[in-house]
Amino acid sequence: MKNRNKLPLVSIIVPVYKAEAYVATCIESIQAQTCTDWELILVDDGSPDNSGQICDNYAFGDERITVIHKMNGGVSAARNDALKIAKGKYLSFVDSDDYATFLRFITGSLLRVPDITRWQLRTGVALVAGLNPTSHDTS
């Protein structure tokens, strides 16, 4: 059973729009990480396809996953809505058409050098992570 008092180390935010063909791969790649100290916030940005239902299905089976459903407002608004509920000590942003292979690297690096805020992955995907100013974790 999940310890509800322990905040996740990393909040991963994924805006989702017209992503039914690949959002499952994105989610499963995050679930497959060796680092399991994360929460995943999927923001269904009013997608007209089945993306929102796919996200809900994954959230039903994994309590680390939260889904926000909202009217389409664009990727920035979707990220901002997720930031309002993010609980992790650190924040990370992933696009719904990407797959994650980075959590062990990031968490190891953040624990050694906690002010690192940006990596450019070999795939060309920009990953941004930094301290969450709303996190109440004092450990």
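Predicted model: local features only at pLDDT ≥ 70, side-chain atom pairs only at ≥ 80, totals over all residues.
## Strand S1

Strand S1 covers residues 10-16, and seven of its seven residues are buried, so the strand is largely enclosed by the rest of the structure. Buried here stands for under 20% relative accessible area.

The side chains of S1 fall into two sets. Val10, Ile12, Val14 and Val16 point one way, while Ser11, Ile13 and Pro15 point the other way. Both sets are buried. In a regular strand, side chains alternate between the two faces of the sheet.

## Strands paired with S1

S1 pairs with strand S2, residues 38-45, in the parallel sense, and seven bridges join them. Within this pairing, Pro15 has Val43 of S2 as its bridge partner. Between S1 and S2 the chain passes through helix H1, residues 23-31, and this β-α-β crossover is right-handed.

S1 is also joined to strand S4, residues 90-93, by four bridges. S1 and S4 run parallel. Here the bridge partner of Ile12 is Ser92 in S4.

## Confidence

The mean pLDDT of the chain is 80, and 68% of the residues score at least 70. Among the elements of the chain, strand S3 (residues 65-70) has the highest mean pLDDT, 98. The lowest, 46, belongs to strand S5 (residues 118-120).

Over residues 116-129, pLDDT stays under 50. For this stretch the model has 32 contacts beyond four places in sequence.

Notes
Residues numbered from 1 in each chain as written. Heavy atoms only, no water. Buried < 20%, exposed > 50% of the residue type's maximum accessible area, 1.4 Å probe, protein only. Pairing = 2+ DSSP bridges. Right-handed = clockwise from strand over helix to strand, strands pointing away. pLDDT = per-residue confidence, 0-100. Contact = heavy atoms within 4.5 Å.
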